[in-house]
Amino acid sequence: MTPIRLGFQGSVPNGQSYLYVLLALVNGAILPIQSNLNAQLARSLNSVPLAADISYLVGSIALISLLCTGWFGHPDWSALAKAPRWTLMGGLFGVWYITASAYFTSILGTTLTQGLIICGQAITGLVTDHFGWLGVNRRRLTANRRLVIALLIVAIFLLSLPT
């Protein structure tokens with residue numbers, strides 16, 4: 001399978017890459033809002049799993065509606081049978097994320113929860129890139145990337161100090 005290439009070509013971004021960077025930032029900005037909405041729903045329902053179920057139901061309705069528009073082309077449903085079975089685990093990881101972020105946001109607060117999530121994402125991303133796991137292009141774990149990990153760990157330490 002050929003990886004989808006979006007964004008930066010070499011080290012110089014093209015015009016469309018700036019849009020991707022902006023949308024990725026918006027995507028990141030949505031996560032703490034989503035965590036807080038799900039945490040509030042869980043408190044209202046007195047059930048984290050039910051809040052996650054409702055979140056997924058609403059999201060599924062939105063995705064099915066989007067799929068019906070055809071804006072992203074027409075999927076090749078027959079290719080699902082050929083897809084590696086392990087790729088279907090993305091849904092399980094999504095369930096974990098939704099449930100855990102709703103729960104931990106209520107306990108740890110938005111900032112620390114999101115900081116831990118970002119730190120976990122960055123470390124996993126750096127390791128995945130370094131080894132080329134899951135079909136991504138390999139990107140070496142350079143000194144700058146090691147520094148990023150260290151700074152993230154320092155940030156988590158500072159966020160976790162009592163106020």
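Tyr103 is partly exposed in this predicted model, because its relative accessibility of 44% lies between the 20% and 50% limits. Phe104 is partly exposed as well, with a relative accessible area of 35%. The rings of Tyr103 and Phe104 form an aromatic pair. Their centres are 5.4 Å apart, and 70 degrees separate the planes. The geometry is edge-to-face, because the angle is over 60 degrees.

The count of aromatic pairs is two. The other pair joins Phe131 and Trp133. Here the ring centres lie 5.2 Å apart, with 15 degrees between the planes. An angle under 30 degrees counts as stacked, so this pair falls in that class. Phe131 has a relative accessible area of 44% and is therefore partly exposed. For Trp133 the value is 46%, so Trp133 is partly exposed too.

The second largest pocket was examined next. Its volume is about 590 Å³. Two elements each give two or more residues to the lining: α3, spanning 90–108, and α4, spanning 110–131. The largest share comes from α3, which supplies eight residues. In total, 18 residues line the pocket. Nearest the centre lie Phe93, Trp96, Tyr97, Gln121 and Thr124.

The lining was also sorted by residue class. Eleven of the lining residues are nonpolar and seven are polar.

Technical notes: Residues numbered from 1 in each chain as written. Predicted model: local features only at pLDDT ≥ 70, side-chain atom pairs only at ≥ 80, totals over all residues. Heavy atoms only, no water. 1 Å grid on protein atoms, 1.4 Å probe; cavity = no way out; pocket = protein on both sides within 12 Å on 5 of 7 lines; lining within 4 Å. Points joined across faces, edges and corners; volume = space filled by probe spheres on them. Helix = DSSP H or I, 4+ residues; strand = E, 2+ residues; numbered from the N terminus. Nonpolar A, V, L, I, M, F, W, Y, C, P; charged D, E, K, R; others polar. Phe/Tyr/Trp six-rings, centres within 6.5 Å; stacked < 30°, edge-to-face > 60°. Buried < 20%, exposed > 50% of the residue type's maximum accessible area, 1.4 Å probe, protein only.
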